[in-house]
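Please walk me through this structure, one part at a time.

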Amino acid sequence: LLLNSGMGKSKAEVSSSDDGSSSSDNEAQEEQPNAKKAKTVGDWDSDGRLDLTGKKMVSIGQFKQAIYVDIREYYEKDGAMMPGKKGITLNREQWAKLKASVDEVTDKLHAKIGI
């Protein structure tokens with residue numbers, strides 16, 4: 001995943017997809033700006049956002065030397081999707097802790113809803 005890679009690398013150098021495609025595969029897709037991708041789980045749009053559901057999206061950002069995961073609600077303004085105030089920004093440490101806790105969170109969710 002992007003956050004587990006080196007800080008000094010560019011986004012194209014450190015990114016890879018779960019399907020095993022390399023960053024060179026991703027660069028080839030980026031070189032075709034007019035090619036539209038299907039909006040399915042795991043597909044990132046041309047603006048670097050993953051659509052979770054409707055207007056909730058995930059993006060990877062950088063501020064100074066810090067790389068972060070941003071999970072945020074977006075709104076539409078003049079035909080463009082804009083980030084809203086509702087959301088959370090996780091640093092690398094927080095993202096790693098959340099990833100490590102996914103199974104535990106899922107178990108607690110299932111217990112709450114009776115699955």
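**A walk through the chain**

Lys-55 sits in the loop between strand E1 (49-53) and E2. Strands (E, at least two residues) and helices (H or I, at least four) are DSSP runs, numbered from the N terminus. This is a predicted model, in which local features need pLDDT of at least 70 and side-chain atom pairs count only at pLDDT 80 or more, while totals for chains, interfaces and linings use all residues. Residues are numbered from 1 along each chain as its sequence is written, and side-chain values use heavy atoms, with hydrogens and water left out.

Stay with Lys-55. Its relative accessible area is 44%, so Lys-55 is partly exposed. Beyond its neighbours within four places in sequence, Lys-55 is in contact with Arg-72, Glu-73, Tyr-74 and Met-81. Contact means heavy atoms within 4.5 Å. Glu-76 is 21 residues away along the chain from Lys-55, and their C-alpha atoms are separated by 8.9 Å.

Now take the whole chain. Its secondary structure comes to four helices and four strands. From the N terminus on, the order is α-α-β-β-β-β-α-α. Of the 115 residues, 21% are buried. Among contacts between residues at least 6 apart in sequence, 21% join residues at least 24 apart. The chain exposes about 8900 Å², and carbon and sulfur atoms supply 53% of that area. Such accessible areas come from the Shrake-Rupley method with a 1.4 Å probe; for residues, only the protein chains shown count as cover.

Next come the strands. Ser-59 is found in strand E2 (residues 56-63). Ser-59 has 12% relative accessibility, so it counts as buried. Which residues does Ser-59 contact, leaving aside its neighbours within four places in sequence? They are Trp-44, Gly-48, Arg-49, Tyr-68, Val-69, Asp-70 and Tyr-74.

Asp-70, one of those partners, belongs to strand E3. Its relative accessibility is 8%, so Asp-70 counts as buried. The side chain of Asp-70 makes a polar contact with the side chain of Thr-89 (2.7 Å). A second polar contact links the side chain of Asp-70 to that of Arg-72 (3.0 Å). A polar contact is a pair of N or O atoms within 3.5 Å; within protein, one must be able to donate a hydrogen and the other to accept it, and residues adjacent in sequence count only if both atoms are side-chain atoms. With neighbours within four places in sequence left aside, Asp-70 is in contact with Met-57, Val-58, Ser-59, Ile-88 and Thr-89.

Turn to the charged pairs. How many salt bridges does the structure hold? There are four. A salt bridge is a side-chain nitrogen of Lys or Arg within 4 Å of a carboxyl oxygen of Asp or Glu. Arg-49 forms one with Asp-45, the closest N and O atoms being 3.3 Å apart. At 11% relative accessibility, Arg-49 counts as buried. Asp-45 counts as buried too, at 16%. Arg-49 also forms a salt bridge with Asp-47, where the closest N and O atoms are 3.3 Å apart. Asp-47 is exposed, at 55% relative accessibility.

Another salt bridge joins Glu-73 and Lys-56, with the closest N and O atoms 3.2 Å apart. Glu-73 lies in strand E3 (residues 66-77) and Lys-56 in strand E2, so the pair ties together parts that are 17 residues apart in sequence. Glu-73 is partly exposed at 30% relative accessibility. Lys-56 is partly exposed at 40%. As for shared partners, salt bridges join Asp-45, Asp-47 and Arg-49 into one network.

Finish at helix H4. Why does helix H4 count as lying largely in the open? Of its 12 residues, the number buried is zero, so H4 lies largely in the open. Leu-109 has its place in this helix H4. With a relative accessible area of 48%, Leu-109 is partly exposed. After H4 comes Gly-114, whose phi is positive, near 80°.

Methods:
Buried means under 20% relative accessible area, exposed over 50%, partly exposed in between (1.4 Å probe, protein chains only).
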